[in-house]
Amino acid sequence: MTTAIELCDLTKTYNTRRGPRRGLAGLTLTVQRGEVFGYLGPNGAGKSTTIRLLLDLIRPTAGTARVLGMDPRSDAVALHRRIGYLAGDFVVDGRQQAGACLDFLGNLRGGVPAARIAELADRLELDLRAPIKSLSKGNRQKVGLIQAFMHQPELLILDEPSSGLDPLVQQTFLAMVTEASQRGQTVFMSSHIMSEVEAVADRVAIIREGRLAALDTVADLRARSLLHVRLTFAAPVAAREFAELPGVTDLRTDGITLSCAVDGSPDALIKTAARHTVTGLHADGQDLESLFQAYYTGERAA
Ligand SMILES: Nc1ncnc2c1ncn2[C@@H]1O[C@H](COP(=O)(O)OP(=O)(O)OP(=O)(O)O)[C@@H](O)[C@H]1O
């Protein structure tokens with residue numbers, strides 16, 4: 001069995017006093033075992049709804065979900081033992097010390113060695129003796145991360161895991177994700193932060209308005225991202241010579257300088273530029289951020 005998560009036409013409509021509200025509108029996707037899967041989308045896109053459906057915290061209106069080959073509803077107890085879950089709004093009893101809380105949660109999962117909790121706390125720089133209510137938001141998030149990772153579950157489902165973490169702790173968290181993946185664990189994580197997903201994920205799904213807007217490997221998304229090019233020439237060039245080239249948009253010329261964005265192959269642009277004497281070339285092709293934003297706003301179709 002190589003599939004960790006399988007969603008087929010998954011739909012959730014919330015019934016509210018003001019009428020039905022779209023949660024998810026027919027989502028189909030598959031996450032493979034051992035994969036780090038980034039789940040991105042703007043506020044209200046349906047990320048948390050998806051995650052709650054995977055854990056049977058809410059029930060679908062239509063469609064199906066399979067998690068580790070099981071039904072989240074009828075196999076909930078068996079399934080939850082195999083999952084580490086960090087909720088987007090992770091809350092625990094504030095009166096407990098962080099360490100006591102983690103011991104308790106570890107016992108619920110059949111026992112986690114104290115040394116394992118201590119090692120994770122040390123790595124994330126969390127004081128296990130501190131009462132939870134005295135912890136800052138970021139430090140409380142560390143408690144949430146430890147309880148999700150500590151029993152080395154087959155599947156980690158993390159809802160905005162780096163929310164509130166400072167950049168150094170965020171790096172530690174990303175290293176933990178990579179190590180989990182190397183051990184064969186599957187990681188499904190929602191995020192708003194492109195750079196962190198880009199750093200660790202094998203594949204990325206972008207959802208918008210409850211539907212899949214894009215699904216691809218990070219490498220392929222990068223290949224499809226816009227290339228921003230700035231060329232300088234020995235003598236002024238005419239914009240019209242470049243304006244109709246395939247994939248070229250956002251063209252600007254200013255005497256001997258030309259700048260544009262290229263969608264797809266830059267071949268035609270390079271060959272046209274080569275008719276002149278090129279004195280400078282700057283190309284920035286790592287602009288995944290603007291690609292994601294185009295998906296977020298719906299400017300770019302899946
Ligand atoms: N309990 C609920 N009752 C009614 N509508 C809900 C409920 N929970 C979520 N929704 C609606 O479902 C849609 C998807 O919400 P969801 O929380 O899944 O989005 P999200 O992608 O996790 O957003 P965010 O990035 O803001 O956390 C939103 O329009 C939201 O208002």
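Which residues in helix 3 (residues 98-108) are buried? In this predicted model, they are Ala-98, Cys-101 and Leu-102. Buried here means that 20 or more other C-beta atoms, placed from the backbone, lie within 10 Å of a residue's own. Because the three cover an arc of only 95 degrees around the axis, they sit on the same side of helix 3. That arc is taken from the directions from the helix axis to the C-beta atoms. Helices are DSSP runs of H or I with at least four residues, strands are E runs of at least two, and both are numbered from the N terminus.

Residues count from 1 along each chain as its sequence is written. As the model is predicted, local features need pLDDT of at least 70, side-chain atom pairs count only at pLDDT 80 or more, and totals for chains, interfaces and linings use all residues.

What covers that buried side? The cover includes helix 4 (114-124) and helix 5 (137-149). After helix 3 comes Gly-110, with a positive phi near 90 degrees.

Now take the covering pair. Ile-117, Leu-120, Ala-121 and Leu-124 of helix 4 meet Lys-142, Leu-145, Ile-146 and Phe-149 of helix 5. Contact requires C-beta atoms, placed from the backbone, within 7 Å. Seven of these residues are nonpolar, none is polar and one is charged. Nonpolar covers Ala, Val, Leu, Ile, Met, Phe, Trp, Tyr, Cys and Pro; charged covers Asp, Glu, Lys and Arg; the others, Gly among them, are polar.

Finally, the record. An unreviewed UniProt entry places "domain: ABC transporter" at residues 5-234. UniProt annotations may be inferred rather than shown by experiment. This span is 34% helix and 31% strand, and its end C-alpha atoms lie 56 Å apart.

Key
A residue is buried if 20 or more other C-beta atoms lie within 10 Å of its own, exposed if 12 or fewer, and partly exposed in between; C-beta atoms are placed from the backbone. Two residues are in contact if their C-beta atoms, placed from the backbone, lie within 7 Å.
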